[in-house]
Amino acid sequence: MTHPMHPLAPLPSIKLKIGTIILAAVGVTIVVFWAGTKVGLWPSVSGIIAGICALVITRYLARGLTSPLREMSEATTAMARGDYERRVNLASKDEIGQLAASFNQMAAELDATERMRRDLIANVSHELRTPITALQAVLENMIDGVEPADPETMRTMLAQVERLGRLVAQLLDLSRLESGSMPLDRQSFEIEAVLEHAARETRLHSPNAIVSVDVEPGGLTADADPERLHQVVANLLENALRYTPIGGTVELRAFPAEPSGITIEVTDEGPGIPDDQVPRIFERFYRADSARSSRDGGAGLGLAIAQWIVDLHGGEIHPERREPHGCRMVVTLPGARTATAVREPVHPGGT
Ligand SMILES: Nc1ncnc2c1ncn2[C@@H]1O[C@H](COP(=O)(O)OP(=O)(O)OP(=O)(O)O)[C@@H](O)[C@H]1O
Ligand SMILES: [Mg+2]
């Protein structure tokens with residue numbers, strides 16, 4: 001469908017367009033009526049001709065006034081059927097034109113959301129299928145007597161089941177975070193306790209890991225949901241450990257942020273994150289090194305969850321490069337610091 005430029009299209013409002021149409025119609029009526037009587041036509045005949053001319057000019061000018069509405073109505077019907085690629089013509093500059101522009105923007109956003117939904121389902125199915133296929137293969141082998149039902153085999157099966165359980169728990173967390181049905185239970189607490197707890201858990205899981213905790217100044221206080229914050233730190237620690245070579249150290253640090261809030265850093269001695277991957281690592285299911293991650297069982301959800309939690313707190317999370325090599329994940333949260341930091345410094349001899 002082509003859209004020839006309409007004479008009224010550049011007018012910026014519907015009022016102006018309707019005013020112009022009325023003016024044109026009245027003008028044409030007067031002129032034609034006057035000309036008719038001038039050439040000696042009966043006033044009634046002259047009137048009828050003037051009326052017809054007015055109708056024709058009104059029809060010509062009003063054409064296109066409502067066509068974007070018709071287009072939008074058609075596009076809405078198409079969208080209801082699942083076709084999100086339809087856009088409407090934006091020639092008109094009036095309120096309907098603005099509405100059409102908003103409509104196109106909405107359609108583009110819906111299109112993107114729909115694509116994300118499809119990708120999500122594809123990713124989820126793929127991630128679920130992998131451990132299920134592995135489990136099925138082992139079970140079939142056992143039934144056929146090819147593989148013995150010994151503790152070793154059971155352990156590999158347990159690992160796959162754990163991987164499935166973890167994935168489902170992560171998906172549930174993400175969906176709760178995104179839907180807002182996991183409200184934050186914000187409170188003031190000493191950050192050191194949360195960091196120590198996360199570090200202890202990590203040492204328990206990987207006894208060889210060297211995890212150091214450093215909070216400066218002591219008694220640094222966060223205003224956050226401790227359970228969710230623990231989840232963030234645990235996710236970052238897990239990533240850091242995955243990349244740190246044996247004997248390497250993972251550092252957990254917390255200190256007051258400038259000008260307000262607190263900063264938590266998780267630093268590892270791994271290879272770091274390549275610059276071109278940085279913008280994507282917070283995406284759901286994104287793995288910078290897919291071969292490695294799928295082998296180790298990571299689905300690429302950890303950082304997406306961490307970012308959601310930090311966002312809910314009104315904070316910020318980003319990776320930095322550690323010299324000479326390694327990755328430093330920096331989380332900044334607004335709010336509480338320490339009792340002393342909040343108090344004005346006391347100047348000796350001052351008022
Ligand atoms: N400390 C790090 N050093 C190097 N690369 C990292 C680091 N942390 C994250 N990445 C990269 O970012 C990607 C996304 O991390 P994310 O935590 O979201 O997923 P994952 O760890 O692969 O899986 P999951 O956390 O769901 O188990 C990782 O796959 C990895 O490529
Ligand atoms: Mg992770």
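Predicted model: local features only at pLDDT ≥ 70, side-chain atom pairs only at ≥ 80, totals over all residues.
Residues are numbered from 1 along each chain as its sequence is written, chains are lettered from A and ligands numbered from 1 in the order in which they are written, and side-chain values use heavy atoms, with hydrogens and water left out.

Helices (H or I, at least four residues) and strands (E, at least two) are DSSP runs, numbered from the N terminus. At the start of H7, a side-chain oxygen of Asp225 comes to within 3.1 Å of the backbone nitrogen of Glu227.

Strand E5 (residues 262-267) is largely enclosed by the rest of the structure, because six of its six residues are buried. In a regular strand the side chains alternate between the two faces of the sheet. Ile262, Ile264 and Val266 point one way from E5, and Thr263, Glu265 and Thr267 point the other way. Strand E4 (residues 249-256) runs antiparallel to E5 and is joined to it by six bridges, pairing of two strands being assigned if DSSP finds at least two bridges between them. Leu252 stands opposite Val266. Five residues lie between the strands in the hairpin of E4 and E5, where Gly261 takes a positive phi near 85°. Strand E7 (residues 327-333) is also antiparallel to E5, again with six bridges, and Val331 in E7 is the bridge partner of Ile264.

Ligand 1 is surrounded by 23 residues, the closest being Asn239, Arg242, Asp268, Leu301 and Leu303; a residue is counted if one of its heavy atoms lies within 4 Å. The largest share of this shell, four residues, comes from H7. The shell divides into nine nonpolar, seven polar and seven charged residues. Oxygen atoms of ligand 1 lie 3.2 Å from a polar side-chain atom of Tyr243, 2.9 Å from a backbone N or O atom of Gly300 and 2.8 Å from a polar backbone atom of Leu303. The protein covers 98% of the 590 Å² of accessible area that ligand 1 has on its own.

How values were computed: Polar contact = N/O pair within 3.5 Å; in protein donor to acceptor, adjacent residues only side chain to side chain. Buried < 20%, exposed > 50% of the residue type's maximum accessible area, 1.4 Å probe, protein only. Areas by Shrake-Rupley, 256 points an atom, 1.4 Å probe, with all protein chains shown as cover. Nonpolar A, V, L, I, M, F, W, Y, C, P; charged D, E, K, R; others polar.
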